Amino acid sequence: MRIAIVSGSDKNYFPLLIEMVHSVRQFSVDRNIDICVMDAGLAESQREQLSPLVNQLVIPDWPNGISEEKSKGKDYLKACICRPFIPEIFPGYDVYLWMDCDTWVQDWSSVEMFIRSAAKGDRLAITNGADRSYPKPIRISWLGRWPRKIGSFYNANGKKAFGWATAKKMIPHYVLSAATFAIAAKAPHWKRWQEVIVEAAMKGKMFPAEQLSLGKIIHIEGYKAEYLPAYAMWQCQHKPFWDAEKSVFVEPNEPHATIGIMHLSGVDDIRADRDVKTEIETTDGKTVSVNYRYPLFAAEKLTIAKPQRV
């Protein structure tokens, strides 16, 4: 089985991308896994730095149906809009695992979980906002006894992209996290996702059309998904715990499972600066100051030879 881990970035997010790539290579160097990257506006010097670490580095075209008026000056959004077209951009693989450039691998078992689920062939492997450690996904403003405003990703973005009737059906569902997902090349989702993302991007916002359109085909149209636990891909706007004995981030509640993939969502200050820290609790009742970035990265010290294509 040929597996590709795919990501994408522009020049501004490159420091996060290179950390993500190193975190994958730390585990995957002896495995039959390629790393493929969409160049959504990298500088030439960044391409030169990245090229020895990945198998393919491609500048994708905008999908048919995305107008120049919508896309002009927004090449950085190709890493979002082109996700449903991954098998066409990087053909020849059996399973694709997408990882946002602001994610990194702490424990390889979660990568294996995504791949194992997707390898069944008929489903999307993904996490969502449903976890005991995450707050409720819908915020409601009340006017007396009656709801006045629903604060929801699907409500805020779905109405313009798909109309109120569809958005209304999507609102009760948890948001799927398109930051990390796995899907087989033969899965039926790809073609329909391509159609829906173009519709969503043209009628609504370009960002985050990939996440919105994925929610529509899964929640409304019935394409199959397998939901993995939150510790498989943790959203860092919800603080994890720290296991001092093992020196790993873990979920905040028992059994404090080790987090597999860290997603630096909602922590813009940490994404911008590796020196910024935040206080989190430990499993033994203490408090520590940590940074959520990939801890083993040191560009001047770490050199990984480019893997050979199989």
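Q: Which strands does helix H6 (residues 108–118) lie across, and at what angle does it run to S9?

A: Helices (H or I, at least four residues) and strands (E, at least two) are DSSP runs counted from the N terminus. In this predicted model, H6 lies across strand S1 (3–9), strand S2 (33–39), S4, strand S6 (124–128), S9 and S10. H6 runs at about 60° to S9, the angle (0 to 180 degrees) being taken between N-to-C directions of axes fitted to C-alpha atoms, for helices over the stretch in contact (heavy atoms within 4.5 Å). Residues are numbered from 1 along each chain, and side-chain values use heavy atoms, without hydrogens or water. Local features need pLDDT of at least 70 and side-chain atom pairs 80 or more, while totals for chains, interfaces and linings use all residues.

Q: In what order do the seven strands of the open sheet stand?

A: Strands pair if DSSP finds at least two bridges between them. Here the order is S3-S2-S1-S4-S9-S6-S10, with mixed pairing. Strand S3 (56–58) and strand S10 (225–227) are at the edges with a single partner strand each, so one side of each has no neighbour in the sheet. From one strand to the next, the twist averages 25°.

Q: In what sense do strand S4 and strand S9 pair?

A: S4 (residues 95–99) and S9 (residues 176–184) are antiparallel, over five bridges. Valine 95 faces alanine 184 in S9.

Q: Which residues touch the most other members of the largest nonpolar core?

A: Such a core joins buried (under 20% relative accessible area, 1.4 Å probe, protein chains only) Ala, Val, Leu, Ile, Met, Phe, Trp, Tyr and Cys residues through side-chain atoms within 4.5 Å. Among its 53 residues, they are Leu50, Phe114, Phe249 and Tyr292. Helix H1 (residues 14–28) gives the most, seven residues.

Note on methods: Buried means under 20% relative accessible area, exposed over 50%, partly exposed in between (1.4 Å probe, protein chains only).
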